[in-house]
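Trainee: I have a structure to read and some terms to learn. Can we go through them together?

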Amino acid sequence: MLIFGIVNATPDSFSGEGLAQRAAPFSLADWAGAGADVLDLGAESTRPGAEDVPAATEWDRLAPVLAALPPPEKRAFQVSIDTRKPAIFEKAAAFGAQIWNDVSALRGDPDSPAIAAAMGCDVVLMHMQGAPADMQTAPAYDDVVAEVIGFLQERCAIAESAGVRPDRLWVDPGIGFGKTLAHNLALLRALPRIRVETGKRVLVGASRKRFIASVVPSEPRERLGGSIAAHLMAASRGANIIRAHDVADTVQALRVS
């Protein structure tokens, strides 16, 4: 089990904790010291309703965070970049980033699959219906599990045909990305099927997401219990990677369970 610690270098993160809003400087201990195996750095919000961010703005937010990290040879963690733009990942790779976490599943640029292959990085392919600006307007599926699996299989095939090694690909069903509460719960229940039918390692990120408030009304910072419950369910059903804001609490819960 790997833990991705979320590092938001944005002023408009849905969770309300973007680095741009922090008074204190970036602290490595907040994430890696709490038990994160991977720091997942993002500089473009993909919350529901979010608009696209220009590449120059995204890089201006991300570069100082990368520069604050120890050199790659002194890190006890890996670095993932949460971006839809291949140019951003290419720049981040110069700072030692090894994982490209793409919510668009390499659809953000026609050259994304070929660039991922050339970089030799691990790639997380996530399912999203629509785009962040409109994905939660009226999400609808005939069979959410079958459709998500079919999409992930197709994107894996496209990446592999471009030269990405099969063992470099991970999949993410995209909890909260163009899904209702019922869709999210169906996907969490279906994680064993997703893992078997895609043949890939599965990442689940349910941390502080809005579907928790559909069960128990709450603001993002009040959803620790719901986040841990969802992540424990995911782990028990075969998820390989958990992506979380509250790293120390999530690590403790997973270890005890």
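Mentor: Start with axes: they are lines fitted to C-alpha atoms, for helices over the stretch in contact, and angles run from 0 to 180 degrees between N-to-C directions. This is a predicted model, where local features need pLDDT of at least 70, side-chain atom pairs count only at pLDDT 80 or more, and totals for chains, interfaces and linings use all residues. Residues are numbered from 1 along each chain as its sequence is written, and side-chain values use heavy atoms, without hydrogens and water.

Trainee: Why are α1 and α2 called roughly parallel to each other?

Mentor: Helix α1 (residues 55-68) and helix α2 (residues 86-93) pack at an angle of about 20°, with axes 10 Å apart. Angles under 35 degrees count as roughly parallel, over 145 as roughly antiparallel, 65 to 115 as roughly perpendicular and the rest as oblique. Therefore α1 and α2 are roughly parallel.

Trainee: What makes Lys200 and Glu160 a salt bridge?

Mentor: A salt bridge needs a side-chain nitrogen of Lys or Arg within 4 Å of a carboxyl oxygen of Asp or Glu. For Lys200 and Glu160, the N to O value is 2.8 Å. So the pair meets the definition.

Trainee: Why does Lys200 count as buried?

Mentor: Buried means under 20% relative accessible area, exposed over 50%, partly exposed in between (1.4 Å probe, protein chains only). Lys200 has 11%, so Lys200 is buried.

Trainee: And why does Glu160 count as partly exposed?

Mentor: Glu160 has 31% relative accessibility, so Glu160 falls in between.

Terms used: Helices (H or I, at least four residues) and strands (E, at least two) are DSSP runs, numbered from the N terminus.
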